[in-house]
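I opened this notebook to record what I looked up in one structure. The entries below follow the order of my reading.

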Amino acid sequence: MTPTISFANVLAAIFWICLAVTVYAYAGYALLLWALSRLAGTRREPAEQGDADLPVVSLLIAAYNEEAVIEARVRNALAMDYPGDRLEIVIASDGSSDATADIVRRFERQGVRLLDYRENRGKATVLNCTIPELRGSIILLSDANTRMDPQGLRKLVRWFQDPAVGMVSGKLVLVDAATGRNADGLYWKYETKLKQWEGRLGALLGANGAIYAVRRELYEPLPPTTIDDFIIPLRARLRSDCRLVFDPEAQAFEETAPDAAAEFRRRARFGASGFEAIGLLWPLLNPCRGWICVTFLSHKILRWTCPFFVLGMLAASALLVRSPLYRGLLLLQCAFYLFSVFVICMPSTVRVWRPLRLTGLFTLMNAALLVGFFRWVRGSQGGTWKSTARTLNGKETGASYV
């Protein structure tokens with residue numbers, strides 16, 4: 001006799017499949033990547049360059065209402081250890097309504113170039129309009145609230161001696177807004193490790209938006225609602241099969257998000273753009289492209305769709321509540337999410353054991369990705385900027401685009 005498959009068995013299968021995918025997306029993939037990077041990865045070292053061999057670089061910073069930080073950012077750019085005749089510093093003010101443009105004008109005699117766009121159109125549109133006007137063969141992209149290590153640019157450009165390299169990303173170090181000390185949490189260290197291992201496999205996915213450089217010839221105009229530090233490198237890879245490099249020695253520093261609400265908005269924005277990116281980057285799933293098909297599927301697509309697997313676990317265990325096993329699993333899930341919300345709502349001044357903070361980050365991230373998915377479905381993801389509270393020397397500042 002052919003065994004019958006009951007509805008309960010289907011629900012049980014759904015639960016365990018959803019659990020397996022979730023565990024793989026956040027833990028199993030990291031273990032797999034670590035093993036692959038050791039077995040099949042390669043470590044390359046760039047050659048050092050003398051000043052005479054350095055390429056012309058254009059540093060481009062898109063800014064919107066950044067009056068509190070833009071002066072410090074420009075001074076940091078001017079202080080980089082790079083020949084002045086080979087460095088073009090461009091600040092593109094995207095319809096700023098504060099003193100951002102006026103502050104930048106003070107530095108025009110020092111070679112800083114201001115592009116003062118009157119209409120606020122969003123970062124992607126600013127990049128599309130500005131990059132064709134730049135003179136550098138290498139474009140260095142960074143943010144207004146970023147502080148770069150003076151040696152960072154030299155460390156990035158040395159990789160471009162290899163014509164196969166199309167993009168180089170530096171390492172972003174998060175700092176506490178109040179103390180200025182390193183504030184890299186467990187999750188950020190985990191993500192940085194993933195970048196290192198993916199880089200060794202030749203399967204790096206995107207860049208750190210605070211510090212990355214790309215060959216100008218590989219830049220393609222961006223859709224207005226996409227995230228530049230993800231789309232630019234991977235479209236360059238699709239176009240030319242170039243190498244994408246992660247260099248942890250090239251460092252930039254930024255403050256952590258001031259609160260959970262700001263972090264939620266950032267991740268929801270990235271989630272909406274991520275779902276849009278699947279339609280642009282789906283050829284990366286071709287196994288003929290090598291390890292990047294594994295990293296793109298595991299690190300991006302499964303991560304972005306993880307909220308649906310989380311909801312699948314909750315729904316399946318709720319429908320199987322009569323079973324003692326699934327009733328217990330449902331209670332465990334509810335307790336986990338209640339505790340994670342409690343952690344999210346706790347003031348940042350309250351010390352919590354770091355692994356416990358990961359529960360809050362997991363819930364916040366998946367809730368934000370779910371919101372991002374519905375933004376993408378509705379087409380409500382915009383490309384313009386929205387102010388995000390940050391502080392510098394006691395002053396509130398910052399903007400991100402939504």
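**Basis.** I worked on a predicted model, in which local features need pLDDT of at least 70 and side-chain atom pairs count only at pLDDT 80 or more, while totals for chains, interfaces and linings use all residues. Residues are numbered from 1 along each chain as its sequence is written, and side-chain values use heavy atoms, with hydrogens and water left out.

**Strands.** I took helices (H or I, at least four residues) and strands (E, at least two) as DSSP runs, numbered from the N terminus. Strand β2 (residues 87–94) pairs with strand β3 (residues 112–117) in the parallel sense, over six bridges; pairing requires that DSSP find at least two bridges between two strands. I noted that Ser93 has Asp116 in β3 as its bridge partner. Together with helix α3 (residues 100–105), β2 and β3 form a right-handed β-α-β unit. Right-handed means that, with the strands pointing away from the viewer, the path from the first strand over the helix to the second runs clockwise.

**Tyr190.** I located Tyr190 in helix α6 (residues 186–200). Leaving aside residues up to four places away in sequence, Tyr190 touches Ala25, Tyr26, Ala30 and Arg303 (contact: heavy atoms within 4.5 Å). Tyr190 and Ala30 are 160 residues apart in sequence, yet their C-alpha atoms are 8.5 Å apart.

**Salt bridges.** I counted a salt bridge where a side-chain nitrogen of Lys or Arg is within 4 Å of a carboxyl oxygen of Asp or Glu. The count by this rule is 21. For accessibility I used relative accessible area: buried under 20%, exposed over 50%, partly exposed in between (1.4 Å probe, protein chains only).

Arg105 and Asp116 form a salt bridge, with the closest N and O atoms 2.9 Å apart. This pair links helix α3 to strand β3, eleven residues apart. Arg105 is partly exposed at 33%.

Glu71 and Arg106 meet at 3.8 Å, N to O. Glu71 lies in helix α2 (residues 70–78) and Arg106 in the loop between α3 and β3, 35 residues apart. Glu71 is partly exposed at 28%, whereas Arg106 is exposed at 58%.

Lys155 and Glu249 form a salt bridge at 3.7 Å between the closest N and O atoms. Lys155 lies in helix α5 (residues 152–157) and Glu249 in strand β8 (residues 243–255), so this pair ties together parts 94 residues apart in sequence. Lys155 is partly exposed at 23%, and Glu249 is partly exposed at 45%. I also found Lys155 and Glu249 in a salt-bridge network with Glu48, Arg158 and Asp247.
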